[in-house]
Amino acid sequence: MSLEGMFTSTAEEKSASNDSWEHRSYPDAREGSMWGAGVAIATAYALIIVVGLVGNVTLIRTFCAVKSMRNVPNLFLCSLAFGDVLLLVTCAPVDASRYLADEWLFGRTGCKLIPFIQLTSVGVSVFTLTALAADRYKAIVKPMDIPTSHATAKISLKASAIWLLSMVLAIPEAIFSDLHTFHIMQTNETFQTCAPYPHTGDLHPKIHSMASFLIFYVIPLFIISVYYFFIARSLIRSTINLPVEGKMPIRRQMESRKRLAKMVLVFVGLFAICWLPSHVIYLYRSYHYSEVDTSTLHFVTSVAARILAFTNSCVNPFALYLLSKSFQKQFNKQICCCCPLLPLHVKNTTRGNTRLSSLKSTQNHTVASFSLINGNPGCHEGSV
């Protein structure tokens with residue numbers, strides 16, 4: 001999300017980072033420690049980006065290549081993966097650069113564009129999870145209401161509507177985000193960076209943080225909770241009222257529905273856990289905006305919250321890998337297709353040699369048989 005604490009270098013963090021590794025008698029050691037910490041944080045970001053891109057791109061390739069896996073939940077997950085890829089290739093590197101440079105490096109255009117992309121990606125994630133919960137509700141509680149014709153087109157239309165809604169909600173972020181000048185009282189430093197509002201006044205931060213918390217966290221998770229309440233109630237009732245005759249097919253269908261519902265619930269839980277610290281820290285900053293927290297604890301928790309939020313963009317494919325055996329099988333096939341050409345060439349050469357040996361063996365067997373028929377055992381021995 002385009003929160004102040006998620007992508008901008010604020011006065012709080014700049015001052016906190018200066019005080020966290022301060023060695024007044026050894027300025028070189030202080031600078032070296034700060035640079036080392038920045039490199040370590042940027043390395044963590046790089047790991048998240050690489051792992052996330054491998055997982056999400058392979059997930060997208062799997063769903064596009066395997067026709068049997070193009071069902072409703074997987075189409076939504078494919079849209080979710082696109083949003084995560086967008087976040088990882090744009091916003092994560094920008095956020096990592098904050099720990100390697102003391103100023104905003106991407107100009108006024110980047111200050112408008114990056115928050116817009118980040119908030120769009122977060123909107124796609126949470127609204128897609130809400131749509132997935134609604135889909136599981138229909139499949140389990142109201143299975144007769146599920147349309148059978150043009151299902152793929154309808155789901156694609158819903159996914160497109162989610163992207164459009166997320167982009168519309170992110171427009172104010174692009175409008176108000178700009179390069180603002182901040183002043184640190186403790187160190188008497190002045191610097192310019194990208195932020196959704198200037199460092200004067202405290203009404204705007206409170207409105208911004210609370211609106212973000214409600215629209216992109218509380219309200220969607222509340223709706224998902226309501227859906228899952230009815231899903232759980234329906235599953236409990238269906239278990240109690242399970243008929244004796246034809247028990248196994250119905251039980252198998254129920255287990256399949258439970259497994260899919262559990263999968264969506266895991267994704268929702270990961271989102272809730274990964275994004276809660278960022279929202280809490282942003283709310284704390286917004287309601288204490290005139291006070292600059294320069295403590296090491298605040299700096300460490302802010303960095304950890306950032307990294308945890310971006311981690312949410314790389315965990316979904318691997319959670320799906322552990323929960324779905326069919327996806328696990330197809331995922332492995334896609335990974336094997338991406339192997340280097342050299343092992344594939346060796347494999348093909350081995351197959352060719354095997355075929356050649358088989359052909360020679362067949363020829364030798366034919367010659368031997370012909371020799372025996374003509375009463376020439378010497379030729380038989382020579383062919384062996």
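Student: Why is Asp 135 called buried?

Tutor: The relative accessible area of Asp 135 is 16%. Buried means under 20% relative accessible area, exposed over 50%, and partly exposed in between, with a 1.4 Å probe and protein chains only. The value of 16% is under the limit, so Asp 135 counts as buried.

Student: What should I know about the model before going on?

Tutor: This is a predicted model, in which local features need pLDDT of at least 70 and side-chain atom pairs count only at pLDDT 80 or more, while totals for chains, interfaces and linings use all residues. Residues are numbered from 1 along each chain as its sequence is written, and side-chain values use heavy atoms, with hydrogens and water left out.

Student: What makes Asp 135 and Arg 136 a salt bridge?

Tutor: The closest N and O atoms of the two residues are 2.7 Å apart. A salt bridge needs a side-chain nitrogen of Lys or Arg within 4 Å of a carboxyl oxygen of Asp or Glu, so the pair qualifies. Arg 136 has a relative accessible area of 7%, and is therefore buried.

Student: How many salt bridges does the structure hold?

Tutor: There are 3 salt bridges. One of them joins the side chains of Arg 306 and Asp 95, at 3.4 Å from N to O. Arg 306 belongs to helix α9 (residues 296–323) and Asp 95 to helix α4 (residues 72–97), so this bridge ties together parts 211 residues apart in sequence. Both Arg 306 and Asp 95 are buried. Another bridge pairs Arg 108 with Asp 178, at 3.0 Å from N to O. That pair links distant parts of the chain, with Arg 108 in helix α5 (residues 107–140) and Asp 178 in strand β1 (residues 178–184), 70 residues apart. Asp 178, at 18% relative accessible area, is buried.

Student: What makes a stretch a helix or a strand here?

Tutor: Both are DSSP runs numbered from the N terminus: helices are H or I of at least four residues, and strands are E of at least two. By this rule the protein chain has 12 helices and 2 strands. Their order along the sequence is α-α-α-α-α-α-β-β-α-α-α-α-α-α.

Student: Which residues of α10 are buried, and what puts them on one side?

Tutor: The buried residues are Phe 327, Gln 330, Phe 331 and Gln 334. They cover an arc of only 105° around the axis, which puts them on the same side of α10; the arc is taken from the directions from the helix axis to the C-beta atoms. On the face turned away from the buried side are the exposed residues Lys 325, Lys 329 and Cys 336.

Student: Why are Cys 111 and Cys 194 called a disulfide?

Tutor: Their sulfur atoms are 2.1 Å apart, and a disulfide is a pair of cysteine sulfur atoms within 2.5 Å. The count by this rule is 1 disulfide. The link of Cys 111 and Cys 194 is right-handed, with 85° about the S-S bond. Cys 111 lies in helix α5 and Cys 194 in strand β2 (residues 189–195), so parts 83 residues apart in sequence are tied together. Both cysteines, Cys 111 and Cys 194, are buried.

Student: Which residues form the nonpolar patch on the surface?

Tutor: Among them are Leu 165, Ile 215, Phe 222 and Tyr 287, and the patch has about 870 Å² of accessible area together. The elements giving two or more residues are α6 (151–176) and α7 (203–240), and α7 gives the most, with 8 residues.

Student: What makes Leu 165 partly exposed?

Tutor: Leu 165, in helix α6, has a relative accessible area of 42%, and is therefore partly exposed. Ile 215, in helix α7, is also partly exposed, at 34%.

How values were computed: Patches are made of residues with over 30% relative accessible area and no salt bridge: like charges are joined within 9 Å, nonpolar side chains (Val, Leu, Ile, Met, Phe, Trp, Tyr) within 5 Å. Accessible areas come from the Shrake-Rupley method with a 1.4 Å probe; for residues, only the protein chains shown count as cover.
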